[in-house]
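Work through the exercises below on aromatic ring contacts. Each task is followed by a worked solution.

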Amino acid sequence: MINNSTRSRKRNDAGKRLFTYAVIADTHLNEDEDNCNSPFDVNRLANRRLRYVVNDLNTRDLALVFHLGDVVHPVPSMDPLYAESAARFHEQMSALRHPLHVIPGNHDVGDKFIAWGPAGTVNDLFLQAWTEYFGDHYFYVSHDGIAFIGINAQLIGSGLSMEQEQKAWLEYTLQELNGERIYLFTHYPPFLADADEPEHYDNISEAGRGWLLALLKKHNVEALFAGHVHHFWYNQVDNCQCYLLPSTAFTRQDYAEMFHVGSAAEFGRNDEAKLGYLLVHVHEQGHYVEMVRCYGNETADNESTLLIANKLLRYVNPETNKVPVLGFDLRQDWAEMVQIPPSGGLDEFDRKWVRNDYALLALLEMGVKSLRIPFADIMNLNRRKRLHEMQKLGFEFTLFSFGIPEDAFELEVAKALSTLISAWEISWPVERLDELYASIAKLPSDIDCLMTFSALRSKADIMESGRTYYHVINHGYTPSDKHLSDQLTQSINNHFSAYVLRCGFLDSVWNTVNLAAETNKKTGLQSSIHLRLSADNPAENMTSESFICKRLAEAMIYGWLFKIDTIYCDTLATNDRGYFPREGVIDRLYNPKPGYYLVKHIHAFLTSIHNKSVTSIDSKIIEFDQKNENTLLRVKLEDSQLILAISTNEVCLKDVVSNVIEDKSGEIHRLNWLDGTLQELTTDSDYSSRVAINRVEDLGIEILIA
């Protein structure tokens, strides 16, 4: 018999936060505000976009700022444009209030040596230009006993005398720092998807790559940061976490092939939601990164950025999220390798293979911890490797399958991954449970994960519920199941520690969560709630952002309130084809939609109050009206109260806020779930003005802490 004990969540305690630094890349500054030697219109915006980033950096408490190269757009051979662009960079950076350290990129000193390259390669003359306008080509600095090293990646494999100088310096410096925490910065990434991938325009040559990766392993470098590709990727080399950064200026349009839909603006070169930089939060043990999306925002010369004084919630990720109540089904391929064809631009004689890591980025940003994947995923070697890498980021995985595989190799893989997998969800007809129990008895005894049962529903089950039957698969118990506690106790209690409860499109989230809480208390079983964002009809297109956000907000608040372990949402990325078309929290370009902001900031908000005890729920004012979509919930905490109000009627929402303001003498804050700020409210007019400045409409959801 397998070890079917209830498992608590695994969390790695990184200890106290020590400090935060920022990493920016590929600013591509021009000689002035309007002129640019690039044929692409978006390049003309680079100066104004960097000015916005500098202003944003100045609002943050940072120890250091690092720039990963491609500082300017004109290459050194284009003097005086190169000199003028360098002057613009120094003018902008003179306003930065944090210490800045910069390394060169290929636009700054020439491309790495590639025989087919369209631009000039690195040479002594170009290196001299960098020295003249920017200074050192590599650096070592220390802060709070932690080492920061930047290198000139274009030198690697160049055969120039400075290559040997840098090589000797880096090897010596790393040896001297042996045993200390080290962060390394480079322009070219060692690789994009695989350490053994062939050389192409965007990675370091294979010989130089092997040398650099060996150093990362030997000296236990904590993290490497690289630019050049203008997109986000995440990799691991032994214990070293490798982050590839977006640009502040524009996206590389050749990588628009990662997305199986029409491209973003300018054929993929101006995908604004992917522009930004990274914050790195350094803790006593390890670090966490936070993507700051700048959305192509611009600040003109002599223009100040409007900053509103609000309390910003602290960012949470899968490891730091104390209330990771909402998880996601990973229905789209979460480790998909995509072929980037010869473009005629930068690579023409081969194909590049990359992985789309924007789903990973969104999950990190939202603080999502629990992910649900089909059993078949663990049978793929690349996906198994990726699961291990994602576990280091704090993610936990639930496998789901129909029945139990009979193949011995599949069971051996499951056994080997049992420390990685938190739960195994098995769907099966209730009337054939004896067959399932016989299969369970044959499982290896040391498979250690939470075994979860999901009842496969028949046509008769659905007809009995009074709903229309469609030729689709449904599984999981539902709020319409009578005497659920008795059913579970009599059928699965001796073989499973958890069960699936499905919250269908027409089911009340409140009723579903209440049923789960009551059932868990009576049976001792855990519940895994499946939250449907799709309609029951597989032909109906669910496009209402208001409905989706309302449903997510209710699920997260109620799940926290009743201590539900995990609620799985069935849609991460928008499904705009096939069965059950519906909107997700990110779109098909994997860019944020309103639901993304809501999940991200409610997770952060719940983490901020997770230590507060709930003293009572005012059930008298909980109202559910599906026709008007009105919900009102007041939760009394030990020193405050939380109010959730949902309505399609703006007057109703304003009345709720007005009543709270009138009743409460102390501080009242409104969670702006679009930007993660807690906005202090004192008057009705204050509330109205706060709503008016939101980037997108609130969609009728208010969360107050008073």
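The exercises treat ring pairs, then charges over rings.

The model is predicted: local features need pLDDT of at least 70, side-chain atom pairs count only at pLDDT 80 or more, and totals for chains, interfaces and linings use all residues. Residues are numbered from 1 along each chain as its sequence is written, and side-chain values use heavy atoms, with hydrogens and water left out.

**Exercise 1.** Count the aromatic pairs and classify the pair F66 and F148.

Step 1. Rings of Phe, Tyr and Trp (its six-membered ring) pair if their centres lie within 6.5 Å; planes under 30 degrees apart count as stacked, over 60 as edge-to-face and the rest as tilted.
Step 2. This rule gives 31 aromatic pairs.
Step 3. The ring centres of F66 and F148 are 5.2 Å apart and the planes are at 25 degrees, so the pair is stacked.
Step 4. F66 is in strand β2 (residues 64–67) and F148 in strand β5 (residues 146–150), 82 residues apart; strands (E, at least two residues) are DSSP runs numbered from the N terminus.
Step 5. Both F66 and F148 are buried (under 20% relative accessible area, 1.4 Å probe, protein chains only).

**Exercise 2.** Classify the pair F185 and F225.

Step 1. The centres are 5.6 Å apart with planes at 20 degrees, so F185 and F225 are stacked.
Step 2. F185 lies in strand β6 (residues 182–186) and F225 in strand β7 (residues 223–226), so the pair ties together parts 40 residues apart in sequence.
Step 3. F185 and F225 are both buried.

**Exercise 3.** Which ring does the charged end of K274 sit over?

Step 1. A charge sits over a ring if NZ of Lys or CZ of Arg is within 6 Å of the ring centre and within 35 degrees of the ring normal.
Step 2. The charged end of K274 sits over the ring of F259, 4.5 Å from its centre.

Notes:
Helix = DSSP H or I, 4+ residues; strand = E, 2+ residues; numbered from the N terminus. Buried < 20%, exposed > 50% of the residue type's maximum accessible area, 1.4 Å probe, protein only.
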